[in-house]
Amino acid sequence: RLCLPVFFFSPFLSRAHKLGPSDDEMYQRTSVSVMQKEPGSGVMIHSYSSRGFNIDGNKVIGPCAVLPPAILQWNVGSYKDITEESVSLFHMLEPRIEILVLGTGTRVERINPSVLALLKRKGIAVEVQDTPNACATFNFLTNERRVAAAGLIPPPISTELEVRQE
């Protein structure tokens with residue numbers, strides 16, 4: 001069961017700096033946009049709970065696949081449902097993702113070795129973590145402009161986190 005993607009944009013990623021002669025001696029021949037919103041950049045997981053996730057203001061109920069700039073509901077109930085079939089959406093993407101962060105709930109769980117081997121053959125690094133750490137890792141990788149995706153299962157026990165902007 002896959003649902004349609006939810007597309008979104010972050011207004012804080014649209015600022016630009018105009019270059020002048022003191023910035024670059026060849027500025028007349030160069031066109032530069034700094035921090036321009038590009039597809040696949042800037043997605044942040046703002047909060048999670050036992051019910052789901054808040055990803056850039058989009059509330060997602062249940063497990064989700066974060067494939068910037070899309071968010072999909074992911075048809076897994078627990079880490080035991082992470083199979084070669086359920087991760088197929090991650091290795092069919094173009095451009096290919098560098099790293100897949102899997103959040104397995106409250107604890108780090110062992111993923112079927114055949115799933116990890118498949119992703120390795122496809123050239124995708126995998127990081128398996130508990131969901132709270134997987135959210136933080138995904139945010140860090142995205143901030144570093146890495147081509148990352150996440151498969152996240154909400155922790156069944158409330159370890160709620162909310163990022164507050166001040």
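Which residues of α3 are buried? They are T131, P132, A134, C135, F138, N139, L141 and T142, where buried means under 20% relative accessible area, with exposed over 50% and partly exposed in between (1.4 Å probe, protein chains only). This is a predicted model, in which local features need pLDDT of at least 70 and side-chain atom pairs count only at pLDDT 80 or more, while totals for chains, interfaces and linings use all residues. Residues are numbered from 1 along each chain as its sequence is written, and side-chain values use heavy atoms, leaving out hydrogens and water.

**Helix α3**

- Helices (H or I, at least four residues) and strands (E, at least two) are DSSP runs, numbered from the N terminus.
- Helix α3 covers residues 131–143, and its 13 residues should span 18 Å at 1.5 Å a residue, which agrees with the 18 Å between its end C-alpha atoms; the expected span is 1.5 Å times one less than the number of residues.
- The buried residues of α3 pack against β1 (45–48), β2 (52–55), β4 (64–67), β6 (99–103), β7 (125–129) and β8 (148–152), with contact meaning heavy atoms within 4.5 Å.
- After α3 comes R145, which has a positive phi, near 60°.

**The five-stranded sheet**

- Five strands form an open sheet with mixed pairing, in the order β5-β4-β8-β6-β7; two strands pair if DSSP finds at least two bridges between them.
- Because β5 and β7 stand at the edges with a single partner strand each, one side of each has no neighbour in the sheet.
- On average, neighbouring strands of this sheet are turned by 15° against each other, direction ignored; axes are lines fitted to C-alpha atoms, for helices over the stretch in contact, and angles run from 0 to 180 degrees between N-to-C directions.
- α3 packs on the sheet, touching β4, β6, β7 and β8, and its direction makes about 155° with that of β6.

**The β4–β5 hairpin**

- β4 and β5 (residues 70–73) run antiparallel and are joined by four bridges.
- The two strands form a hairpin with two residues between them.
- C64 stands opposite Q73, and L67 stands opposite A70.

**Nonpolar cores**

- A nonpolar core is a set of buried Ala, Val, Leu, Ile, Met, Phe, Trp, Tyr and Cys residues joined through side-chain atoms within 4.5 Å.
- The largest has 19 residues, and W74, I82, V87, F90 and L100 have the most contacts inside it.
- The elements giving two or more residues to this core are β4, α1 (88–91), β6 and α2 (113–121); α2 gives the most, with three.
- Another core, of 18 residues, lies apart from this one and includes V43, Y48, C64 and L152.
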